[in-house]
Amino acid sequence: MTHAIAQLAAVVATALFIFSLYWMNDPKTARRGVTAGVIGMLVAVGATWVQPEIVHHGWIVLAIGAGFIVGVPLSRVPLTAVPQRTALSHAFGGLAAGLVGTAEYFLGLGAGGADLTAFRMSAIVAEIILGFLTFTGSLMATGKLQEVRWIPQRPVTYPGQNVVNIGVLVIAVALGVLVAVHPAAAWSARAFLAIVGLALLFGVLLIIPIGGADMPTVISILNSYAGLSAVAMGFVLDNKLLVTAGALDGSSGLILSIIMCRAMNRSFTNVLFGAFGTVKAAAVTGEQKAWKEETVEGAAQLLEQARLVVIIPGYGMAVAQAQHKVRELYDQLTKRGVTVKFAIHPVAGRMPGHMNVLLAEADIPYTALVEMDEINSDMPQCDVALVVGANDVVNPAARYAKDSPIYGMPIIDADKARTVLAIKRSKKPGFAGIDNELYVQDNTWMLFGDAKAVLGDLVRQLTGGSGLH
Amino acid sequence: MIDYWSMLFVFVLATFIGLGVIRRVSRLLYTPLMSLTNAISAIAVVGSIVVTGADFPTPIRVLGAVALFASTTNIVSGFLITDRMLKMFKKQ
């Protein structure tokens, strides 16, 4: 009877999870998706908890209680901290899979090893390698995103890095094969623990060479790994619900990774083993042109007189927490009958969709947020393109400079607007260490300063002038 | 004996369904999508409950309890933050 309940619950929960993701196809129905997900989860947890083999209820209550105590504050982080929260939750997902895999192995070993068939052992080994490498890899990503002091932000590279990384993984997998074939030999437990250690090490090594601009891709890949480790757990525990839910998560991470890679014109292996950030600054071709600076007054006037303004946000907007000032500017301009749109590059920010969430937080209607592919056809009609803390995603060099590290990356065609205004914190080049020729174009004017402060000045200028109308 | 072939079958079909469904997800919602799938894949909680709550040796159950804590954290924070973000997406 209870077995039938568990099977039925698994079917119901799977269906609810699929609906949950399906409703994410439109912001109007998306919150329904959360409800479906919560119900699916409650059904699955309830059906597992009532199984007769569960006898230690106090432990379960304690662990779940602790999960609530940590989980609730984690859901209230500022939205600029969402990338690191997401990376941290991948770490927790990987940890859970790794620990359950370890527990299952030692359980089987304690029972004499009869349950540990080569097939099941392979699943356990896959689970712990994926789980533990996701754990440390995601912790490293969390640290980099949170800008923890003792984790280097810049990519760390050394000669032979890829050989070392792949070597560690190969040794772990080879040990895994040995343990899968001889699960209960005298040395097996030690070999098993060695695999755990190597997987933990591999996770760290994998993330060390990765820089901030690659984070959207890396978070997506880790998302996929976390899902796959849940799938492996499903194989180990003979639980189809784990397999289906893990597969949904894994395919989501896979699709996001592909989209992010395409948006940077790079391959998976290139992101993971290419160490983007260390590319030498490309030689500056032709004569060095100089920036032209615009005053706040002049910029405000340009914006006010425009018919179509396209705002292009980047990571700089998130760093400066400038999204609310962007909204004030949006309000001032729309009040004057100016059409304002936002051009969203897929890899702007530190995780997929980062800019959309920040702008939605600032109450900008999502109908004003336009994807790169759609906005580019409007750019020639755009009177003013306002670049707020974006850099590489608007660099025209991506179109033709073959020696540039961003060559081939699709960009937002800010340079095709009649006038470009670019807010930039400092006069240093962007992440990729290359000059952005958008800034020295004839129709570009720079506004140097913190994005929040500059936008504040612009808004003040516009409100000050509005009394005359 | 676990029927691995049917598990593999389920895995492949679920992956295809996942690819089909995720491809239709609004590009606006990729950040909430990721926190939602995080919460869903914390279904690992059912494995953790068994390892924590069944009559196993204490060290095994300690591993299970830590895993259960980690999965619950993901479920709670994942669903709550997804809903918090989705509330912000307004048409006008």
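**View 1. The largest cavity and its lining.** In this predicted model, helix H14 (residues 354-361) of chain A gives the largest share of the lining of the largest cavity, namely 3 residues. The space inside the largest cavity comes to about 90 Å³. Sorted by class, the lining holds 6 nonpolar, 4 polar and 2 charged residues.

**View 2. A salt bridge between the chains.** Side chains of opposite charge can pair when their charged atoms come close. How many salt bridges does the rule find across the interface of chain A and chain B? There are 3 across this interface, while a search of the whole structure, over all chains, finds 16.

**View 3. The second largest cavity.** The second largest cavity holds about 60 Å³ of space, and the count of cavities of 30 Å³ or more in the model is 2. Chain A contributes A:Ser89, A:Gly93, A:Ala97, A:Ala226, A:Ser229 and A:Ala230 to its lining, and chain B contributes B:Asn38, B:Ser41, B:Ala42, B:Ala44 and B:Asn74. At least two lining residues are supplied by each of three helices, which are helix H4 (82-110) and helix H8 (215-237) of chain A and helix H2 (30-41) of chain B. Which classes of residue make up this lining? It divides into 5 nonpolar and 6 polar residues, with no charged residue present.

**View 4. The contact between chain A and chain B.** The contact involves 103 residues of chain A and 82 residues of chain B, and the area buried between the two chains is about 8,300 Å², with carbon and sulfur atoms giving 78% of this area. Of the area that chain A buries against chain B, A:Met24, A:Trp59 and A:Phe235 supply 9%, which is more than any other three residues supply. Between the chains, 22 residue pairs are in polar contact, counting pairs with both residues at pLDDT 80 or more. On the side of chain A that touches chain B, the largest share, 16 residues, comes from H4(A). This side of chain A divides into 63 nonpolar, 25 polar and 15 charged residues.

**View 5. A salt bridge within chain A.** The side chains of A:Lys341 and A:Asp378 form a salt bridge, with a distance of 3.1 Å from N to O. Because A:Lys341 lies in strand S2 (residues 339-344) and A:Asp378 in the loop between helix H15 (372-375) and strand S4 (384-388), the pair ties together parts of chain A that are 37 residues apart in sequence.

Methods. Residues numbered from 1 in each chain as written. Chains lettered and ligands numbered in written order. Predicted model: local features only at pLDDT ≥ 70, side-chain atom pairs only at ≥ 80, totals over all residues. Heavy atoms only, no water. 1 Å grid on protein atoms, 1.4 Å probe; cavity = no way out; pocket = protein on both sides within 12 Å on 5 of 7 lines; lining within 4 Å. Points joined across faces, edges and corners; volume = space filled by probe spheres on them. Helix = DSSP H or I, 4+ residues; strand = E, 2+ residues; numbered from the N terminus. Nonpolar A, V, L, I, M, F, W, Y, C, P; charged D, E, K, R; others polar. Contact = heavy atoms within 4.5 Å. Buried area = accessible area lost by both parts, 1.4 Å probe. Salt bridge = Lys/Arg side-chain N within 4 Å of Asp/Glu carboxyl O. Polar contact = N/O pair within 3.5 Å; in protein donor to acceptor, adjacent residues only side chain to side chain.
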